[in-house]
Amino acid sequence: MAPALIVARRELSGYFATPVAYVFIVIFLVLAGALTFTLGNFFGRGQADLIPFFSFIPWLFLFLVPALTMRLWAEERRLGTIELLLTLPLPQWQAVLGKFLAAWAFCGIALALTFPLWITVNVLGTPDNGVILSGYVGCLMVAGAYLALGAAISAGTKNQVVAFVLAVALCFVFAAAGSPVVTEFLDTRIPQLAELARALSVADRFGGFTRGVISARDILFFASFIGFFLFVNAVVLDHRKAD
């Protein structure tokens with residue numbers, strides 16, 4: 001794991017070497033706060049919890065995470081530095097894992113900076129902090145799932161805009177798969193597909209975390225989801241080495 005951690009440290013420091021990281025964090029915090037206090041009706045609900053914040057996270061990450069992943073491999077491919085990275089004396093899967101861990105750690109930092117919301121609910125009332133902590137764990141799981149998917153797409157193209165659009169589209173599919181509109185439509189036509197949609201819904205799996213339930217089944221789902229798309233990432237890189 002040492003080479004993967006070296007890559008992760010290099011990538012993470014690279015984020016903060018440019019204004020991109022700060023812009024991303026500011027946009028995330030502003031949108032998270034605005035959605036929580038306005039559309040989430042934070043004060044009008046009369047409850048000291050972070051349900052309004054957590055309810056928007058899968059949809060907020062839907063756009064912000066692909067903006068982070070679109071350059072992971074596409075930029076390396078466009079600049080021609082991907083050959084240098086892949087010829088370093090480390091297994092290819094460690095390079096893939098290192099880049100993913102750096103992006104995941106960056107998302108973790110952005111989430112940690114929402115701590116004023118946690119402080120606010122504790123000042124206003126007596127929330128169940130265990131449920132809030134569980135919700136944050138779920139946020140990290142959703143971020144990891146979107147990051148792995150976005151990284152796999154970025155590995156297949158030189159164009160960052162294409163990587164962004166495709167990642168948003170596919171993340172939306174997995175986020176909305178379990179929504180009532182989709183499942184009710186499928187229930188009346190292809191019931192088996194409706195069950196599959198519910199099983200693959202990232203937003204549905206996230207719901208358990210926001211209720212304070214960290215089940216082994218949901219953890220296994222996210223671990224499998226992340227592992228599968230990191231594997232796809234490595235396969236795509238190997239297949240397109242000569243491009």
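What follows is a conversation about the helices of this predicted model.

Biologist: Which helix has the highest mean pLDDT among the elements of the protein?

Modeller: The protein averages a pLDDT of 86, and 92% of the residues score at least 70. Among its elements, helix α5, at residues 82-86, has the lowest mean pLDDT, 65. Where pLDDT is low, the predicted coordinates should not be read in detail. The highest mean, 94, belongs to the helix at residues 129-154, which is α8.

Biologist: How many nonpolar residues does the contact of α3 with α6 have?

Modeller: From α3 the contact takes F53, I57, F61, V65 and L68, while α6 supplies A103, F106, C107 and L111. By class, this contact of α3 with α6 has no polar and no charged residues, and its nonpolar residues number nine.

Biologist: How many charged residues are in the contact of α12 with α13?

Modeller: The axes of helix α12, residues 202-210, and helix α13, residues 216-239, come within 10 Å and cross at roughly 140 degrees, which makes α12 oblique to α13. The crossing of α12 and α13 is left-handed. On the α12 side the contact is made by V202, R205, F206, G208 and F209, and on the α13 side by R217, D218, I219, F221, F222 and F225. Sorted by class, the contact of α12 with α13 has seven nonpolar residues, one polar residue and, as charged residues, three.

Biologist: Why do α8 and α12 count as roughly antiparallel?

Modeller: The axes of α8 and α12 are 7 Å apart, and V131, S134, G135, V137, G138, C139, M141, V142 and Y146 in α8 meet V202, F206, F209 and T210 in α12. The residues of this contact of α8 with α12 divide into nine nonpolar, four polar and no charged. Angles over 145 degrees count as roughly antiparallel, and α8 and α12 are therefore given that description, as they pack at an angle of about 160 degrees.

Technical notes. Residues numbered from 1 in each chain as written. Predicted model: local features only at pLDDT ≥ 70, side-chain atom pairs only at ≥ 80, totals over all residues. Heavy atoms only, no water. pLDDT = per-residue confidence, 0-100. Helix = DSSP H or I, 4+ residues; strand = E, 2+ residues; numbered from the N terminus. Contact = heavy atoms within 4.5 Å. Nonpolar A, V, L, I, M, F, W, Y, C, P; charged D, E, K, R; others polar. Axes fitted to C-alpha atoms, helices over the stretch in contact; angles between N-to-C directions. Parallel < 35°, antiparallel > 145°, perpendicular 65-115°, else oblique. Left-handed = near helix turned anticlockwise from the far one by under 90°.
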